[in-house]
Amino acid sequence: AVDLRAEIQRLLASAEQGRTTTTHARTLGRILFEPLRVPFERAGIRRVIIVADGAMHLIPFALLEVGGAPAVERWALSEAPSVALAMDRWTRPLRAPSGPMVALGDPVVRTEGGRTRPLPGAREEVRAVQRRSAGAVVRVGGAASESYLKAMTVAPRLLHVAAHGEVDDWDGRQAALLLSADASNDGRWLAGEIATLPFDDTLVVLSACRTNLGDLIAGEGVAGLTSAFLQAGARTVLATAWRIPDREIVPLVGRFYDGLGAGLTAGAALQAAQVDARRRGAPASVWAAFRLVGDPYLTVSLR
C-alpha cells in the first residue's frame, strides 16, 4: 500500500527544489487519475474541478502523470475547497466588478537587519499586466502598499500581487502578503484583514511564495491567503503551492494574461500557460506551482 501523505510530501519537496518528480507524479497519478482516464475520454471531458480532502488539498494535480504525460496536457484543472463553495461560485450571478485592474509588485520589504528584499521579476510581472491593459493601475516599490489596498472601496475586476508571502501552518489568519509599510500600516497584509475587504467577483492572482498553503482544516480545505480572498468574495484565485523562482515565472504569467486577453476562461488560460511553459522546457518548479481555486469559467476583460 502507498502512504499517500508521505508520497505527497515527497512530490512537493522534489518539485519545489527542482528535482525530478517523475516517480512520485506517476505513483499518485496512477492512484488518483488513471481509473478516470478512459471514462473521461469516452465522455469527452476536458475540464476537471477537484474537491480534495485532507492532505490531498496539497497535491499539484497538474503535475500528476496520467497516460504517459502530466494531467495538465489532458485536462484544464481547477480546485474548490468544498462542494458548497463550488456551487456558490457556479450559481451566484456574476456581478462583473466595475473597478480597475490593479497590479502591485516588488514592494519595499526590509529584513530585521534593515536590508531590502527586492523582487526584480515582480516588476516585470506588473509591467506585463500594464502592457496588456492600458488602464491598469500599477504600483511598485513604496507605492505597492498595504494602505493602498485597504483604502479600496470598489472591487477591482482583477488584482495581481507579486510580492513576498508568509504562511502560518497553525493559524491561517496569520498568513500574510508582505507589502510596503507606512505610518498607517506595517506592510503585513494578514489573511484575517483580507477577508473583511470588498473583492466581490474579483480574479485574484497571488504571485508570491506558497499562497495556497496554510492551516489544513478537515472538511474546509486550507485556511490562509487563498481562503481569505474567497471569503472576501473573490470569484477565482490563482495561487502557488510552493516557493516560486522570481524571474523564471514571468513568461508563464505573461502567457496567462495573453489567454485572458484572447477571451479564454481563467481555467483555460492557466492550462495554456502551463502547457506552453512545459513545452518550452520550464521545470515543474515553475509551471506546476500555480493552481486555480474557485470558478474556472470566469472571463476578465483586459480593456
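Q: How many cavities of 30 Å³ or more does a search of the whole structure find?
A: The model is a predicted one. The search covers the whole structure, with a cut-off of 30 Å³. The number of cavities found is 3.

Q: How much space lies in the largest cavity?
A: Rolling a probe the size of a water molecule over the atoms shows where empty space is left. For the largest cavity, the volume comes to about 140 Å³.

Q: Which residues lie nearest the centre of the largest cavity?
A: The lining has 18 residues. Five of them are named as nearest the centre: Ala62, Leu77, Glu79, Phe290 and Arg291.

Q: Which elements each supply at least two residues of the lining of the largest cavity?
A: Both strands and a helix take part. Each meets the mark of at least two lining residues. They are strand 4 (76-79), helix 10 (266-279) and strand 15 (290-294).

Q: How do the residues of the lining of the largest cavity divide by class?
A: The lining holds 18 residues. Charged residues number 2 and polar ones 4. The nonpolar count is 12.

Q: Why is helix 1 oblique to helix 2?
A: Two packed helices are described by the angle between their axes and the distance between the axes. Helix 1 (residues 4-16) and helix 2 (residues 22-32) have axes 9 Å apart, at an angle of about 140 degrees. Roughly antiparallel needs an angle over 145 degrees. So helix 1 counts as oblique to helix 2, at about 140 degrees.

Q: Is the crossing of helix 1 and helix 2 left-handed or right-handed?
A: Residues of helix 1 in the contact include Leu4, Ile8 and Leu11, while Ala25, Leu28 and Ile31 are among those of helix 2. By class, this contact has 6 nonpolar, 4 polar and 2 charged residues. The crossing is left-handed.

Q: Is helix 5 roughly parallel or roughly antiparallel to helix 9?
A: Helix 5 (residues 120-132) packs on helix 9 (residues 250-261) at about 20 degrees, with the axes 9 Å apart. Angles under 35 degrees count as roughly parallel. Therefore helix 5 is, to helix 9, roughly parallel.

Q: Which residues of helix 9 meet helix 5?
A: Helix 5 passes helix 9 in a right-handed crossing. From helix 5 come Gly121, Glu124, Glu125, Val129 and Arg132. Their partners in helix 9 are Val250, Val253, Gly254, Tyr257 and Asp258.

Q: Which residues of helix 3 make the contact with helix 2?
A: The two axes come within 4 Å and cross at roughly 60 degrees. That angle makes helix 2 oblique to helix 3. Helix 2 brings Gly29, Arg30, Ile31 and Leu32 to the contact. Helix 3 brings Glu34, Pro35 and Leu36.

Conventions:
Residues are numbered from 1 along each chain as its sequence is written. This is a predicted model: local features need pLDDT of at least 70, side-chain atom pairs count only at pLDDT 80 or more; totals for chains, interfaces and linings use all residues. Side-chain values use heavy atoms; hydrogens and water are left out. On a 1 Å grid over the protein atoms alone, a cavity is a set of points where a 1.4 Å probe fits but cannot get out, and a pocket is an open set with protein on both sides within 12 Å along at least five of seven lines; lining residues have an atom within 4 Å of a point. Grid points are joined across faces, edges and corners, and a volume is the space filled by probe spheres set on the points. Ala, Val, Leu, Ile, Met, Phe, Trp, Tyr, Cys and Pro count as nonpolar, Asp, Glu, Lys and Arg as charged, and the others, Gly among them, as polar. Axes are lines fitted to C-alpha atoms, for helices over the stretch in contact, and angles run from 0 to 180 degrees between N-to-C directions. Angles under 35 degrees count as roughly parallel, over 145 as roughly antiparallel, 65 to 115 as roughly perpendicular and the rest as oblique. A crossing is left-handed if the near helix is turned anticlockwise from the far one by less than a right angle, and right-handed if clockwise. Contact means heavy atoms within 4.5 Å.
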